Amino acid sequence: MNFIEVIENKRNKKALSEEEIRFFINSVTDGSVPDYQISALLMAIYLNGMSDGELSILTDAMAKSGDRVDLSYIDGIKVDKHSSGGVGDKVTLAVAPMVSACGLTVAKMSGRGLGFSGGTIDKLESIPGFRTALSEEEFVEFIKRDGIALMGQTKNVAPADKKIYALRDVTGTVESIPLIAASIMSKKLACGSDSIVLDVKCGSGAFMKSFEDAAALAEKMEHIGRANGRSIYALITNMDQPLGRAVGNALEVKEAIDILKGIGPNDVTELCFIIGSFMLLAGKKSDNLDQARQMLESSVKNGSALEKFKRFIENQGGDPRIIHDPELLPSAKTVITAKAPSDGTVTSIDGEKIGTAALTVRAGRILKNDVIDHSSGFVLLAKTGDKVSKGQALAEIHAPDKETAEAAERQIVDAYGFSGKPEAKKLLLGYFDREGLHIDQNKY
Ligand code: URA
């Protein structure tokens with residue numbers, strides 16, 4: 001088969017055959033196709049989309065592009081969680097130890113930053129010594145021993161996604177419903193968990209800006225999960241401004257530790273309780289969301305979630321002292337503040353602009369082989385709804401040097417909006433399960 005013909009077919013809006021899709025993924029996996037041809041096909045998919053039939057074959061081919069982790073011989077239900085990507089989204093770092101402390105086994109494969117959004121693997125790698133490149137044996141050993149393990153993509157598990165993900169990151173092909181759905185679900189299927197909770201972000205700091213697009217993505221992924229025998233909830237959550245206050249790898253780890261200590265920002269703490277509750281429900285540790293939430297709150301209050309985080313760090317080679325001494329995390333050489341241009345109320349903070357500013361200070365990658373600076377990022381001191389006076393600090397900027405700090409400062413001031421009324425949206429906008437979409441205006 002000829003790869004150029006596959007590109008041309010998708011460019012000409014034709015549905016790809018099963019043979020063409022499997023040829024595409026096999027060629028990516030065995031390295032027989034150059035990056036520029038893969039990128040051209042990704043752009044054609046981005047522009048012309050895929051049918052549900054094409055998407056399910058693509059996901060299956062990507063999931064089977066490498067080994068599949070077999071967790072069936074570990075007792076109990078194993079649960080996985082994945083976000084579609086957002087700014088300041090450190091939920092996994094806090095929620096995984098919380099639910100594990102409630103007795104649920106968490107087995108998760110995470111990714112690096114993508115486009116303007118951060119990635120859990122990059123965040124964890126800001127912890128001195130922390131290893132995300134686990135062998136399958138280690139992954140299984142940690143899950144068996146402590147009920148929690150998180151690994152990055154090795155060359156053995158979903159390797160096609162690893163390659164495609166890195167290319168999408170730098171070729172303007174991230175915000176595509178079929179590419180995101182296949183990327184997330186191929187990893188979830190390859191990793192062997194029984195239950196999955198997806199967090200599909202919606203708003204300015206997400207790849208899906210509208211509720212309709214986020215719902216379409218959530219629905220497709222719920223469908224793929226269910227068709228593959230998984231118990232799955234696909235939540236749609238608000239990402240109209242960055243989550244919490246910290247954006248950037250080490251800064252987000254610090255904030256996750258605060259959440260686990262019960263002193264984190266309200267919005268991101270609340271989202272951890274929401275997502276964690278669905279995880280406990282999916283893992284049958286609780287039969288209702290209210291009880292699940294109480295279990296999670298107790299795990300924070302009695303310190304068991306923080307203790308679990310410590311075990312998780314120790315298992316994976318990291319320095320657990322960061323929990324009580326976050327100064328051991330990398331810190332930036334230059335710290336300046338972005339200031340309010342006038343008196344007013346913050347009515348919006350454009351998440352994508354903040355995420356893009358994070359690339360300026362090298363908290364994420366612009367080119368595939370860029371080395372990120374784990375210490376860089378921002379602490380948002382003012383959030384939507386806050387009143388500020390002219391000259392008041394809006395955000396702390398942590399950067400490798402004065403030049404990048406000042407470039408980010410301009411981007412950050414531009415991301416803040418001061419006109420109109422702040423829109424108070426709920427965090428959970430709805431969710432899909434086997435019964436379809438649930439939107440409860442009173443509850444969420
Ligand atoms: N997370 C993934 O793993 N893939 C995407 O495409 C987006 C978020």
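A salt bridge is a side-chain nitrogen of Lys or Arg within 4 Å of a carboxyl oxygen of Asp or Glu. The structure is a predicted model, in which local features need pLDDT of at least 70 and side-chain atom pairs count only at pLDDT 80 or more, while totals for chains, interfaces and linings use all residues. Residues are numbered from 1 along each chain as its sequence is written, and side-chain values use heavy atoms, with hydrogens and water left out.

**Exercise 1. Find the distance between the closest N and O atoms of R293 and E270, and say which helices hold the two residues.**

Step 1. The closest N and O atoms of R293 and E270 are 2.7 Å apart, and the pair forms a salt bridge.

Step 2. Helices (H or I, at least four residues) are DSSP runs, numbered from the N terminus.

Step 3. For accessibility, buried means under 20% relative accessible area, exposed over 50%, and partly exposed in between (1.4 Å probe, protein chains only). R293 has 25% relative accessibility and counts as partly exposed. E270, with 27%, is also partly exposed.

**Exercise 2. Describe how α12 and α13 pack.**

Step 1. The axes of α12 and α13 are 8 Å apart, and the packing angle is about 120°. Axes are lines fitted to C-alpha atoms, for helices over the stretch in contact, and angles run from 0 to 180 degrees between N-to-C directions.

Step 2. Angles under 35 degrees count as roughly parallel, over 145 as roughly antiparallel, 65 to 115 as roughly perpendicular and the rest as oblique. The helices α12 and α13 are therefore oblique to each other.

Step 3. The crossing of α12 and α13 is right-handed. A crossing has this hand if the near helix is turned clockwise from the far one by less than a right angle, and is left-handed if anticlockwise.

**Exercise 3. How many salt bridges does a search of the whole structure find?**

Step 1. The search gives 31 salt bridges.

Step 2. Take D319 and R321, whose closest N and O atoms are 2.8 Å apart in a salt bridge. D319 is buried at 15% relative accessible area, whereas R321 is exposed at 53%.

Step 3. Take K353 and D414, whose salt bridge has its closest N and O atoms 3.4 Å apart. K353 lies in helix α15 (residues 351-360) and D414 in helix α16 (residues 402-415), so the pair ties together parts that are 61 residues apart in sequence. K353 is partly exposed at 34%, and D414 is partly exposed at 47%.

Step 4. A network of salt bridges links E141, R145, D146, K310, R311 and E314.

**Exercise 4. Is helix α5 (residues 91-101) largely enclosed or largely open?**

Step 1. In α5, 10 of the 11 residues are buried, so α5 is largely enclosed by the rest of the structure.

Step 2. The buried residues include V91, L93, V95 and M98.

Step 3. Just after α5, G103 takes a positive phi of about 95°.
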